[in-house]
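I opened my notebook for a first look around this structure. Here is what I looked up, entry by entry.

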Amino acid sequence: LLNRAVCGCILDSAGGGCQDWNWLIKYDTQLYFAGGAEDAFSKYLTSVYFTVATLTTVGYGDIQPTNDTERAYSILLSLIGAIVFAFCIGSISSLAAQANKTEILVEEALRELTDFFRYRPISKEYQSRAKQHVFQLARRAPHKVHHILGILPDRIRKEVVECVTADTVGTLKIFSSMDRNTRAEIAWLLTPQLLRPKEFLYRVMDIGKAMYFVVRGELELLSPDESRVVSKAGPGEFVGEIPLFYQTFPNCCRDCSVRARGNVEALELTLADLNSHIKPHFPDVYEALRDFAKARLEFLPVAILKAIFRSKMQNRIREIENQRVNYVMQRRKMSRAAQSYYQRGQDGALKSNRSMSLTASAMLSWGGSSTSGMVPGQVGWGEGLIKIQPPNAVLRGTFASPTSVAFPPTPAGSTTYDSLQ
């Protein structure tokens, strides 16, 4: 046995002499010398097992090379396995990076929303509604999510937009009767909106910056006090156009409150898009919408709406008015106190302390209710009341009037303005 191990061979039990020592003999001697069909398949399967274990760098250790040739072959297989494994990982990463561009932008928007909501006390309901709006925008108007269509020729872009918005804009009679060019241009401007049951689209006296076309569902138009339903708007109808055309009624405010009766899908057209795109390019559409707004305006309770607007205006400026009244009262009290303080300086009670007299003069001007006499560039009451000389000036003079303080040159040993300050 020792001689056979040193010679690197093994005696063949069938009388075939000394056989070369290799990995299969070391792994399974009986399988090596077997010669049946089943044994041949086992040899083939064992070889494949060795190759796969080496290529994948698993290396269970049950099959090992026994000579230099097998070791070199194992090294080659290991290198090939590493290269193939790196190639597979790179290919999978490339496939993952080549996902749908819209999905990538939606996921990025959702991540930003999640990061924004994480450290802010926002209810779960509004978080869900914000994310739902992102999904709705990507599903109904993908051209609003990314702007790849902007690089296409106009003729192709219009065809694509019409196909994308066929289930929204294409279902509305107000747009289906228009020519394809007009319909595609307006569809490019519309933004999908999704409302939940009983959700308000806007409220009375809100600033009107957009109008809305109903695609699915039904909107309820409420009375100014929101106590009853005045009318309804179904698919194909639109609401909120009055403030966009009559901005003096009153001050671009909404004429009623509008809420969703159930799940409602609508399309939003902003005031900026209306004036910058539809008005110059499609004046007939603009005038038709304006005429409709004028007809609806004739049947509105204008007197009631103006009363509500005045009440809302008084409420929103009430705190500002309260602060203004308090400020005026405080300054008047300061003015009266400063007048008395300054008069005492005029009478000589404070002549020994000119700095206090100076302060009284300043308070008198500060507390006054008028700023007449000031010119651009003056610093409040300072320049109009006191003319400050360089630091070598001395604070001396008489108080003939609040603006008559004189500063003669500084004699030796006198108190300077810097030291007084």
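Entry 1: I started at Leu 194, which stands opposite Glu 265 in strand 10. This is a predicted model, where local features need pLDDT of at least 70 and side-chain atom pairs count only at pLDDT 80 or more, while totals for chains, interfaces and linings use all residues. Residues are numbered from 1 along each chain as its sequence is written, and side-chain values use heavy atoms, with hydrogens and water left out.

I then looked up the neighbouring pair and found that Gln 193 has Ala 266 of strand 10 as its bridge partner. Five bridges join strand 3 (residues 191-195) to strand 10, and the two run antiparallel. (Strands are DSSP runs of E with at least two residues, helices are runs of H or I with at least four, and both are numbered from the N terminus; two strands pair if DSSP finds at least two bridges between them.)

Strand 5 (residues 210-216) also runs antiparallel to strand 10, joined to it by six bridges. There I noted Phe 213 opposite Leu 267.

How many residues of strand 10 are buried? I found six of the seven in residues 264-270, so strand 10 is largely enclosed by the rest of the structure. (Buried means under 20% relative accessible area, exposed over 50%, partly exposed in between, with a 1.4 Å probe and protein chains only.)

Entry 2: (Axes are lines fitted to C-alpha atoms, for helices over the stretch in contact, and angles run from 0 to 180 degrees between N-to-C directions.)

**Entry 3: helix 9 and helix 11.** I checked how helix 9 (residues 154-164) meets helix 11 (residues 180-189): their axes come within 9 Å and cross at roughly 75°. That makes the two roughly perpendicular. (The class covers 65 to 115 degrees; under 35 is roughly parallel, over 145 roughly antiparallel, and the rest oblique.) The contact, meaning heavy atoms within 4.5 Å, includes Arg 157 and Glu 162 of helix 9, and Arg 183 and Trp 188 of helix 11. By class I noted four nonpolar, one polar and eight charged residues. (Ala, Val, Leu, Ile, Met, Phe, Trp, Tyr, Cys and Pro count as nonpolar, Asp, Glu, Lys and Arg as charged, and the others, Gly among them, as polar.)

The buried residues of helix 11 include Arg 183 and Ile 186. Asp 179 caps its N-terminal end, with a side-chain oxygen 3.3 Å from the backbone nitrogen of Asn 181.

**Entry 4: helix 13 and helix 14.** I finished with helix 13 (residues 271-281) and helix 14 (residues 283-297), which pack at about 110° with axes 5 Å apart. They are therefore roughly perpendicular to each other. Their contact has seven nonpolar, two polar and one charged residues; among them are Leu 274 and Ile 278 in helix 13, and Tyr 286 and Leu 289 in helix 14.

Technical notes: Polar contact = N/O pair within 3.5 Å; in protein donor to acceptor, adjacent residues only side chain to side chain.
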